[in-house]
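Welcome! Please take a look at the sequence and the 3D picture below, and then let's walk through them together.

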Amino acid sequence: MSGKPRLTYLNGRGRMESIRWLWAAAGVEFEEVYLETKEQYEKLIKDGFLLFQQVPLVEIDGMKMVQTRAITSYIAGKYNLYGKDLKERALIDMYVEGISDLMQMILMFPFSPPDAKEKNLESIKDRATNRYFPVFEKVLKQHGQDFLVGNKFSWADVQLMEAILAVEEKVPDVLSGFPQLQVFKTKMSNMPTIKKFLQPGSPRKPPPDAHYVETVLKIFKK
């Protein structure tokens, strides 16, 4: 194995995409192993790779890490994306947790029954525009800085950028009432590491399609 971190998950976004975003923002290259069959997944469990019998799995610094939050916290801390002190870290944690709640809705959307898709899409739009994005619009307006915490690029900025783009895929005009977030999005898009990640051919995954949903159900269904 090379010195690069190795990520094991499906060839799709899911719970690994926030991890990919954070690696990319830190400018770190990584390798990926894609699960395609239930047998591959069961072998990882049998071989003791998955502490709680769940992926994502990230192999880094001699560890086999599971649990998305633990992995992203480790990356943020290792690459100086986690604030300068405990207070900044607490703010970053609050913002990340809030964004994660919105991302959970987006994560589950492709698995909605056909008759619930329209309702679930409205829920995503409502939560984004009335609960989550107003918070970040206000934070950026109040302190007048480029980044959410401590005027320094952090995990919270990366997570918010991922969420903005994910919601825009479903609701293209979602930022129309959020001028600060529009500026934030432009600035983030032009940061060299993020700009590279947004280019075609990067490790960023496309929105989930029917094949991805089918593969998830095939591998994880009891």
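## Words we need first

When a lining is sorted by class, Ala, Val, Leu, Ile, Met, Phe, Trp, Tyr, Cys and Pro count as nonpolar, Asp, Glu, Lys and Arg as charged, and the others, Gly among them, as polar. What you see is a predicted model, in which local features need pLDDT of at least 70 and side-chain atom pairs count only at pLDDT 80 or more, while totals for chains, interfaces and linings use all residues. Residues are numbered from 1 along each chain as its sequence is written, and side-chain values use heavy atoms, with hydrogens and water left out.

## Two regions from the record

Helices (H or I, at least four residues) and strands (E, at least two) are DSSP runs, numbered from the N terminus. Over residues 3-83 the chain is 37% helix and 20% strand, and the end C-alpha atoms lie 26 Å apart. Over residues 85-209 the chain is 66% helix and 0% strand, with 41 Å between the end C-alpha atoms.

## The largest pocket

On a 1 Å grid over the protein atoms alone, a pocket is an open set of points with protein on both sides within 12 Å along at least five of seven lines; a cavity is a set where a 1.4 Å probe fits but cannot get out, and lining residues have an atom within 4 Å of a point. Grid points are joined across faces, edges and corners, and a volume is the space filled by probe spheres set on the points.

The largest pocket has a volume of about 1,000 Å³. Its lining is made of 39 residues, and G14, R15, T68, Q104 and L107 lie nearest its centre. By class, this lining has 19 nonpolar, 10 polar and 10 charged residues.

Which helix gives the most to the lining of the largest pocket? That is α4, with nine residues. Helices that each supply at least two lining residues are α1 (17-26), α3 (68-78), α4 (86-108), α6 (155-170) and α9 (210-220). The largest pocket lies between domain 1 (6-79 + 198-220) and domain 2 (86-190), because both give residues to its lining. These domain bounds come from an automatic or database domain assignment.

Among the residues lining it are A24, F30, K196, F197 and P203. Helix α8 (residues 192-197) gives the largest share of this lining, three residues. By class, the lining has five nonpolar, three polar and two charged residues.

There is one cavity of 30 Å³ or more, and about 40 Å³ of space lies in the largest cavity. Its lining is formed by N80, G83, E88, I92, V149, K152, F153 and S154, which divide into three nonpolar, three polar and two charged residues.

## The nonpolar core

A nonpolar core is a set of buried Ala, Val, Leu, Ile, Met, Phe, Trp, Tyr and Cys residues joined through side-chain atoms within 4.5 Å. Buried means under 20% relative accessible area, exposed over 50%, and partly exposed in between (1.4 Å probe, protein chains only).

The largest nonpolar core has 69 residues, and those with the most contacts inside it are W23, F133, L148, F153, L160 and L181. Helix α6 gives the most to this core, with 10 residues. The core draws at least three residues from each of domain 1 and domain 2.

Most residues other than glycine have a negative phi, and most peptide bonds are trans.

V55 and P56 are joined by a cis peptide bond, with omega about 15 degrees. P56 sits in the loop between α2 (38-46) and β3 (57-60). D61, which is not a glycine, has a positive phi of about 50 degrees; its place is in the loop between β3 and β4 (63-66). Q67, in the loop between β4 and α3, has a positive phi near 75 degrees. Is Q67 buried or partly exposed? With a relative accessible area of 34%, Q67 is partly exposed.
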